[in-house]
Amino acid sequence: MLQFFQDTPVLQYVLAAFIGIGLAAATGLRVFLPMFAVSLASYFHWIPVSESFEWLAGLPALIITGIATVVEILAYYIPFIDNLLDSITVPMATIAGAILFAAQFTDLETFPQWALALIAGGGTAAIVSSTMAGARALSSTTTVGVANPVVSTIETTGAVVMTAFSYIFPVIAFVLAVVFIVLIIRIRKKIRKRRAERKNKADNPPSPF
């Protein structure tokens with residue numbers, strides 16, 4: 001199947017988009033884990049890397065992303081630190097998602113490559129990351145942080161699964177990412193609608209007469 005995609009340029013781009021979206025969604029869950037996985041795979045020549053992204057295949061990148069992955073995973077189990085990290089991981093995830101997406105389109109010219117990367121890769125990562133940050137904030141207020149480790153474990157597990165699926169089952173990874181984003185958009189709309197209704201009731205209380 002992969003050989004069929006590789007022999008067909010258009011389908012090759014489609015496959016690259018599936019992989020890129022899957023990896024971007026994974027960075028929305030854990031910023032450095034997908035980058036470490038890509039760095040590790042490219043370092044051992046399991047996946048090809050173009051000249052523009054040779055730095056990902058280098059030993060320095062492998063060590064740095066490996067250490068950052070361990071630190072990030074452990075930090076999310078520390079109370080207060082996990083919420084603090086959410087304030088900086090959204091922009092970081094956006095950048096990481098764009099980079100990993102762009103790395104899949106090495107045959108395109110620079111402008112379309114990075115335009116697609118920022119919109120599709122960065123956008124996907126930002127949506128996922130901001131949603132999980134909101135879920136953790138909700139957990140912190142409703143359970144006083146007791147359920148936060150559960151949220152963190154789900155995020156890490158999801159990042160591992162999405163990263164693996166992006167290369168092994170890219171179509172499934174793409175579908176999962178799209179389904180997740182659609183659910184996120186619908187949930188956000190419902191939340192905003194309920195907030196608007198509550199605000200409307202508070203601003204316009206029913207008349208006693």
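Which residues touch the most other members of the largest nonpolar core? The views below are taken from a predicted model, in which local features need pLDDT of at least 70, side-chain atom pairs count only at pLDDT 80 or more, and totals for chains, interfaces and linings use all residues. Residues are numbered from 1 along each chain as its sequence is written, and side-chain values use heavy atoms, with hydrogens and water left out.

**View A. The largest nonpolar core.** Met35, Val38, Phe53, Leu56, Leu100, Phe101 and Met162 touch the most other members among its 35 residues. Two or more residues each are given by helix 2 (9–29), helix 3 (32–43), helix 5 (81–102), helix 6 (110–143), helix 7 (148–168) and helix 8. Helix 2 provides the largest share, eight residues. Such a core is a set of buried (under 20% relative accessible area, 1.4 Å probe, protein chains only) Ala, Val, Leu, Ile, Met, Phe, Trp, Tyr and Cys residues joined through side-chain atoms within 4.5 Å. Helices are DSSP runs (H or I, at least four residues) numbered from the N terminus.

**View B. Phe80 in the loop between helix 4 (59–75) and helix 5.** Although not a glycine, Phe80 has a positive phi of about 75°. Phe80 counts as exposed (over 50% relative accessible area), at 61% relative accessibility.

**View C. Val144 in the loop between helix 6 and helix 7.** The phi of Val144, a residue other than glycine, is positive and near 55°. Val144 is exposed, with a relative accessible area of 74%. Most residues other than glycine have a negative phi.

**View D. Lys190 in helix 8 (residues 170–203).** Lys190 is exposed, with a relative accessible area of 57%.
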